[in-house]
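Biologist: Can you take me through the charged side-chain pairs in this one? I have the coordinates open.

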Amino acid sequence: MTRISLAAMTTRRTFLETATLGLAASAFAPPPPDAAPIDFHAHWIGPRVVELLGKRTSPRPPQGQGWFDIDARLRQMDEAGVQRQVLSYVGASYDGVMPPDEARPFWRAQNDDVAALVKKHPARFSGLATLPTANVAWAADELQRAHQELGLIGATLPLILSLAIYKRF
């Protein structure tokens, strides 16, 4: 292995070439033997959201225990060799089908439920907050709450917002 001293990197170009070669080489390095996959795109709906949806005629909760049964999810993760899942909401937007005041409890419940699940299984799950698009000020408040109070590591916005913005331009 060739070693380059920092003193030999006298220009920015030399530094960038060396750094680029190092990054490229690391892309071909095998993962550590104890590394397990992380599923960073795992959808989950919290039990309080399911309860809230069950009281409505529309939208309805998804069907099937795969959405709610954590023990089954953990078994499936183990069978597949998945170490961790980063949980987010399914992607449907309540903003598009409910007035903002009616949708707000759903977003808060989902974020609270994700945080509770992450707290119960911190070695297996990380969580992303789901933010509303109908009320931007509330989305900012919820993002702050989700990160500072609930410990969620990031956030998602519903696809409907992306499509609405795209159509404007």
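Predicted model: local features only at pLDDT ≥ 70, side-chain atom pairs only at ≥ 80, totals over all residues.

Biologist: How many salt bridges does the whole structure have?

Modeller: Six, counting a side-chain nitrogen of Lys or Arg within 4 Å of a carboxyl oxygen of Asp or Glu.

Biologist: What does D112 pair with?

Modeller: One partner is R48, with the closest N and O atoms 3.5 Å apart. D112 is in helix α4 (residues 100–120) and R48 in helix α2 (residues 47–54), so the pair ties together parts 64 residues apart in sequence. Helices here are DSSP runs (H or I, at least four residues), numbered from the N terminus. D112 also meets R145, at 2.9 Å from N to O. R145 lies in helix α5, so that bridge links parts 33 residues apart in sequence.

Biologist: Is R145 buried or exposed?

Modeller: Buried, at 10% relative accessibility; D112 is buried too, at 18%. R48 is partly exposed at 40%. The cut-offs are under 20% relative accessible area for buried, over 50% for exposed, and partly exposed in between (1.4 Å probe, protein chains only).

Biologist: Switching to R108, which residue does it bridge to?

Modeller: E142, the closest N and O atoms being 3.6 Å apart. R108 lies in helix α4 and E142 in helix α5 (residues 136–148), so the pair joins parts 34 residues apart in sequence. E142 is buried at 1%, while R108 is partly exposed at 30%.

How values were computed
Residues numbered from 1 in each chain as written. Heavy atoms only, no water. Helix = DSSP H or I, 4+ residues; strand = E, 2+ residues; numbered from the N terminus.
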